[in-house]
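Have a look at the structure first.

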Amino acid sequence: MSSVTVHAPATIANLVCGFDVLGLALNDPYDVMKLSISETPGIRIQHNDVYNLPTIPEQNVAGVSLLEMMQELDSHYGFDLVIEKHIKPGSGLGSSAASAAGVVVAANHLLGNIFSKEDLVRFAMAGEKLASGVKHADNISPGIYGGITLIRSIFPLDIVSLTAPPMYVAVVHPQIEVKTSDAREILRKEVLLKDAIKQWGNIAGLVAGFMKNDYGLISRSLEDVIIEPVRSMLIPGFDDVKKKSVDAGALGGGISGSGPSIFMLCEEKNTALKVEKIMKDIYDNTGLKYHTYVTTINNEGIKVEVNNH
Ligand SMILES: Nc1ncnc2c1ncn2[C@@H]1O[C@H](COP(=O)(O)OP(=O)(O)O)[C@@H](O)[C@H]1O
Ligand SMILES: N[C@@H](CCOP(=O)(O)O)C(=O)O
């Protein structure tokens, strides 16, 4: 039986102004998944973690993504999947996307890389639909392509890999659960033209800032006038973290995905460490449990290791 082990990274969707269109992959944390291909049909899932997630394939985002892929295969293979989750579900760090993207990358490897990266995103979006009710690709794409990606269009898929200057990312994950489906439900369905103009100026500015290695432009563009004012109300300490981090020299930041995690981009490692300290001080005062990370952008994306038996 052949098997591979993949490291599926956490991802930060939206990158403040780019709701559903921008995302980046992180070097830490990541899930570890072992996938084996066998001649016994069906998908068998085991979770070696503390999150009590469903193991029935149709209820697990990894199972649903793999089923989507299997519909396009002629042969009737079976798969055994062991998931060791380190990215807490409902963290805003792309926990569901890590499972959905990780499993299709692993299966593609076992099948001889017959599918393109774009195909893999298409399969994994079925997992995101299960988790959040909507097919969005802003977490899955950076996992599969690595680095920072722009989803110019979802139907049909048009994914653009962006380059960016080196940056450090400080993240705080307050231990409250915000389900992506709930955090989407509370959003207004219409936007004012004046807000839309600000928002698309910021998205264009952020993409240009990444591509031109222009930290000043990146910093000025990290502003969200549409989603953040609504969702930030669900996150205790949000305004404080953001203001004090920017005062300490962070380029800017905001809600990671749909929250509750908050991220800050920094040019220097020292600044990211200062921001982490600010995050810790603020959450120590709230009494909420939390976890922090200081990490960098993962340009490689999901890492595949072949297991030798
Ligand atoms: N393999 C899986 N990994 C993570 N979440 C899963 C998985 N399978 C099903 N889910 C469900 O998906 C939801 C978590 O997704 P979501 O709210 O988008 O969190 P996140 O922001 O961390 O991705 C939870 O309801 C969880 O039960
Ligand atoms: N664009 C989505 C991203 C959700 O990310 P997650 O990490 O919270 O699953 C949204 O903002 O709803």
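Q: What strand order does the open sheet of four strands have, and which sense of pairing?
A: The order is E8-E9-E7-E10, and the pairing is antiparallel. Strands here are DSSP runs (E, at least two residues), helices are DSSP runs too (H or I, at least four residues), and both are numbered from the N terminus. Before going on: this is a predicted model, where local features need pLDDT of at least 70, side-chain atom pairs count only at pLDDT 80 or more, and totals for chains, interfaces and linings use all residues. Residues are numbered from 1 along each chain as its sequence is written, chains are lettered from A and ligands numbered from 1 in the order in which they are written, and side-chain values use heavy atoms, with hydrogens and water left out.

Q: Why do E8 and E10 stand at the edges?
A: Strand E8 (252-255) and strand E10 (290-296) each have a single partner strand, so one side of each is left without a neighbour in the sheet. From one strand to the next, the twist averages 15°.

Q: What makes E8 and E9 a pair?
A: Two strands pair if DSSP finds at least two bridges between them. E8 and strand E9 (residues 262-266) have four bridges, in the antiparallel sense, so the pair passes that cut-off. Ile-255 stands opposite Ile-262 in E9, and Gly-252 has Leu-265 as its bridge partner in E9.

Q: What lies between E8 and E9?
A: The two form a hairpin with six residues between them, and Gly-257 in the turn has a positive phi of about 55°.

Q: Which helix packs on this sheet, and what does the helix touch?
A: Helix H9 (residues 238-247) does, touching E8 and E9, and its direction makes about 10° with that of E9.

Q: How do you know that E4 pairs with E2 and with E3?
A: Count the bridges again. Strand E2 (residues 22-38) and strand E4 (residues 78-84) share seven, in the antiparallel sense, with Ile-37 opposite Phe-79 in E4. Strand E3 (residues 42-47) is joined to E4 by six bridges, and these two run parallel.

Q: What is the hand of the β-α-β unit made by E3, helix H1 and E4?
A: Left-handed, with H1 covering residues 61-70. The test: a crossover is right-handed if, with the strands pointing away from the viewer, the path from the first strand over the helix to the second runs clockwise.

Q: Why are H2 and H3 called roughly antiparallel?
A: Helix H2 (residues 95-110) and helix H3 (residues 117-132) pack at an angle of about 150°, with their axes 9 Å apart. Axes are lines fitted to C-alpha atoms, for helices over the stretch in contact, and angles run from 0 to 180 degrees between N-to-C directions. Angles under 35 degrees count as roughly parallel, over 145 as roughly antiparallel, 65 to 115 as roughly perpendicular and the rest as oblique. H2 and H3 are therefore roughly antiparallel to each other.

Q: What makes H1 oblique to H3?
A: These two pack at about 140°, with their axes 8 Å apart, and that makes H1 oblique to H3. H1 passes H3 in a right-handed crossing; a crossing is left-handed if the near helix is turned anticlockwise from the far one by less than a right angle, and right-handed if clockwise.

Q: What makes H1 oblique to H2?
A: Their axes come within 8 Å and cross at roughly 40°, which makes H1 oblique to H2. This crossing is right-handed. Among the contact residues are Ser-65 and Met-69 of H1 and Ala-100 and Asn-108 of H2.

Q: Where is Glu-58, and what does Glu-58 contact?
A: Glu-58 is in the loop between E3 and H1. Leaving aside neighbours within four places in sequence, Glu-58 is in contact with Val-64, Leu-67 and Leu-130. The C-alpha atoms of Glu-58 and Ile-43 are separated by 9.6 Å, with the two residues 15 apart along the chain.

Key:
Contact = heavy atoms within 4.5 Å.
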